[in-house]
Amino acid sequence: MNRIDKLFQDKKERVLNVYFTAGYPQLNDTTTILEALETSGADLIEIGIPYSDPIADGPTIQESNGVALENGMTLKVLFNQLKGIRDKVSVPIVLMGYVNPIVQFGVENFCAKCEEVGVDAVILPDLPMFEYLEIYKPMFEKHGLYNIFLITPQTSEARIRQIDENSNGFIYMVSSASTTGAKTSISLDQSDYFARVKNMNLKNPTLIGFGISNAETFDKACENANGAIIGSAFIKAISEEGNLEEKISGFVRSVIG
Amino acid sequence: MKIQVDERGYYGNFGGAFIPEMLYPNIEELRENYEQIVQAPDFQKQFNHLLRDFVGRPTPLYLAERLSEKYGAEIYLKREDLCHTGAHKVNNTVGQILLAQKLGKQKVIAETGAGQHGVATATVCALMGIECIVYMGEVDMARQKPNVERMRILGAEVRPATSGSKTLKDATNEAMRHWINNPTDTHYIIGSVVGPHPYPEMVARFQSVISKEIKAQLLEKKGKENPDYVIACVGGGSNAAGAFYHYYNEEDVQLVAVEAAGLGNHTGESAATTVLGKPGILHGSKTLLMQTEDGQVVEPYSISAGLDYPGIGPVHAHLFETGRAKFYSVTDEEAMKAGVLLSRTEGIIPAVESAHAFAALNQMTFNSSDVVVINLSGRGDKDLETYIKWGKY
């Protein structure tokens, strides 16, 4: 059973998914961050594959991508770091990235490596659904990899249904029309959208991301979905001075109490 | 083999719409509506009226006699340099601003490299009284100051792109991010035949007036529509797409695309995408792309800011892959020399971008009966600083 399905079978609310950029702040922080996040109480961890042109991301994640690339992070390096990670970390791991580096690595090869190291799912925001269905899906399925789709307040009901039909694991609900880290709160006008999606009774669990930055926004998101995703706020937290593990546990504690 | 776009936005192996879900409704709205809007008689009427009375079309097809003598062929220049604002870019912005109005958009954003597309966008926004924001790399803003001020005089806000390498690629990223954050009231006027479907085909269609006019003008002058060669420079490739469009499927016409080789294709300082690129995905389409082996986009180099782009429109990637167009690349030095040669033989100072197309003549051989059309995409006023800095005239 995919670790993500197991997670949502056991835990249906207040699921915390934390994003960090591989290779940031230091090239070899990956396993330290993964272990500290799990110990601190993250239920699911999203590792960002740095890219030169991350168009869905705001300044914080862009900057972390730039630093990570300068540090020498590549997919090869990342997969090497993740070798043996399943001896240390048991929460589901999702890779998030843009499609071009995956294409250059080789999609089949990428999927095989994911399976080998124990990655459970992938989020590729710029991969169109039909490209996924026609070209990527057989390779993903062969290697037990889930593809996570995004929906936004502008996504039509018909398309949400179609996405739900083709999804495994969970659906990533983008909270508002924005890039990552652009907003630091959840506003009232989003509640219509949250309610609309809730009433659709989708077969997949939902996690809300974009604009989730602290306990208040996390709680608010959890009222409307199975949990939430924090990215930019976490990157900011680990950018500050101090011991990395302490910063991580401090941040997670501040969010989930 | 017919050169045309399919319903998924592909030209052969290249194209598509690789965009985040946040932009899906915008792109769908465009895709579903643009053909119908553009084909409607009232749109065509307005578009043609503006092209004639505002842009100054048709632009002349001029027989360059002294240049013809030098290269031993009959060389015609398509005078896009005489368009209002100084280049072909305005053909597309006139079309897109009308489209934006029909779609009920109140705001317009654009990206710009050298500032030509930015100026052309600011111009049509001023014309229509629409709010305009242009993203421009911080580095480009510093080296293209006059165009920054032109945009400001026209009432546009110029926002510096401060991410990445702070040039055209990053200005495009910032414009796309702006669109993600403002999806409902804003239209994004992309300046070249790049981006997610339907942009490449839409921009090419607005630019196709160039080859439509060439056909009519050649028919009048020579009694036949087809020349032996059509030559154009390619950065993203909008002027080339416009000059090639009605000749895509006329096999007797040799299409010639000229890329910028910067300091030379083996120096690491080049923008010749078909020489140095591999298939990849940038700004929403699959195309040829200059990138590292890990798939990170590489910053190109050319003396010409308008050719300084790491990708190429998907239609050009297809023309290259199928061999339908022949590609040449030309160094900074060769282009500058060709610019001075055109100035002195024909009394026309070309944009440095367009000068690349002329430099390719040195790499080609002609029969004396060959009819050659070169798309003179822009004038050199904006490049005076570049000519002065180069200094060898």
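**Entry 1**

I began with N201(A), which I found in the loop between α9 (190-199) and β8 (206-209) of chain A; helices (H or I, at least four residues) and strands (E, at least two) are DSSP runs, numbered from the N terminus. Although N201(A) is not a glycine, its phi is positive, about 50°. I note N201(A) as exposed because its relative accessibility is 65%, where exposed means over 50% relative accessible area, buried under 20% and partly exposed in between (1.4 Å probe, protein chains only).

For my own bookkeeping, this is a predicted model in which local features need pLDDT of at least 70 and side-chain atom pairs count only at pLDDT 80 or more, while totals for chains, interfaces and linings use all residues. Residues are numbered from 1 along each chain as its sequence is written, chains are lettered from A and ligands numbered from 1 in the order in which they are written, and side-chain values use heavy atoms, with hydrogens and water left out.

In chain B I looked up K166(B), which also is not a glycine and has a positive phi of about 60°. K166(B) sits in the loop between β7 (157-161) and α8 (168-181) of chain B, and I record it as partly exposed because its relative accessible area is 27%.

**Entry 1: cis peptide bonds**

I checked the bond from Y24(A) to P25(A) and found it cis, with omega near -5°; P25(A) belongs to the loop between β1 and α2 of chain A. In chain B, the bond from H197(B) to P198(B) is cis with omega near 15°, and P198(B) falls in the loop between β8 (186-189) and α9 (199-207).

Two packed helices are described by the angle between their axes and the distance between the axes, so I noted both values for the next pair. Helix α2 (residues 30-40) and helix α12 (residues 244-256) of chain A pack at about 35° with their axes 9 Å apart; axes are lines fitted to C-alpha atoms, for helices over the stretch in contact, and angles run from 0 to 180 degrees between N-to-C directions. From α2(A) the contact (heavy atoms within 4.5 Å) uses T32(A), I33(A), A36(A), L37(A) and S40(A), and from α12(A) it uses L244(A), E245(A), I248(A), S249(A), V252(A) and I256(A).

I list T30(A), T31(A), I33(A), L34(A), A36(A), L37(A) and S40(A) as the buried residues of α2(A). Their cover includes β1 (15-21), β2 (44-48), α4 (75-82), β3 (93-96), α11 (232-239) and α12 of chain A. After α2(A) comes G41(A), with a positive phi near 120°.

Helix α11(A) is mostly covered, with 6 of its 8 residues buried, namely S232(A), A233(A), F234(A), I235(A), A237(A) and I238(A). I found that the cover of these residues includes β1, α2, α3 (59-71), β9 (227-230) and α12 of chain A.

**Entry 2: nonpolar cores**

I take a nonpolar core to be a set of buried Ala, Val, Leu, Ile, Met, Phe, Trp, Tyr and Cys residues joined through side-chain atoms within 4.5 Å. The largest has 189 residues, and L37(A), F110(A), F170(A), F234(A) and F244(B) touch the most other members. This core draws at least three residues from each of domain 1 (11-50 + 89-203) and domain 2 (56-87 + 208-390) of chain B, the bounds coming from an automatic or database domain assignment. Apart from this core lies another of 30 residues, among them I231(B), C233(B), L307(B) and A357(B).

Beyond four places in sequence, F244(B) has contacts that include S211(B), V230(B), L255(B), H316(B) and L319(B).

**Entry 3: annotated positions in chain B**

From an unreviewed UniProt entry I took "modified residue: N6-(pyridoxal phosphate)lysine", which covers K89(B); UniProt positions are given in the numbering used here, feature names are shortened, and annotations may be inferred rather than shown by experiment. I located K89(B) in helix α4 (residues 89-102) of chain B, and it counts as buried because its relative accessibility is 18%. Leaving aside neighbours within four places in sequence, K89(B) is in contact with Q116(B), H117(B), A120(B), G191(B), S192(B), Q207(B) and S238(B).

The UniProt record (unreviewed entry) also lists residues 56-378 of chain B as "domain: Tryptophan synthase beta chain-like PALP". I note that this span is 40% helix and 21% strand, and that its end C-alpha atoms lie 14 Å apart.

**Entry 4: L61(B)**

I placed L61(B) in strand β3 (residues 61-63) of chain B, where it counts as buried at 5% relative accessibility. Not counting residues up to four places away in sequence, L61(B) touches Y76(B), L77(B), K78(B), I214(B), Q217(B), L218(B), K221(B) and V373(B). L61(B) and D383(B) are 322 residues apart in sequence, and C-alpha to C-alpha they are 23 Å apart in space.
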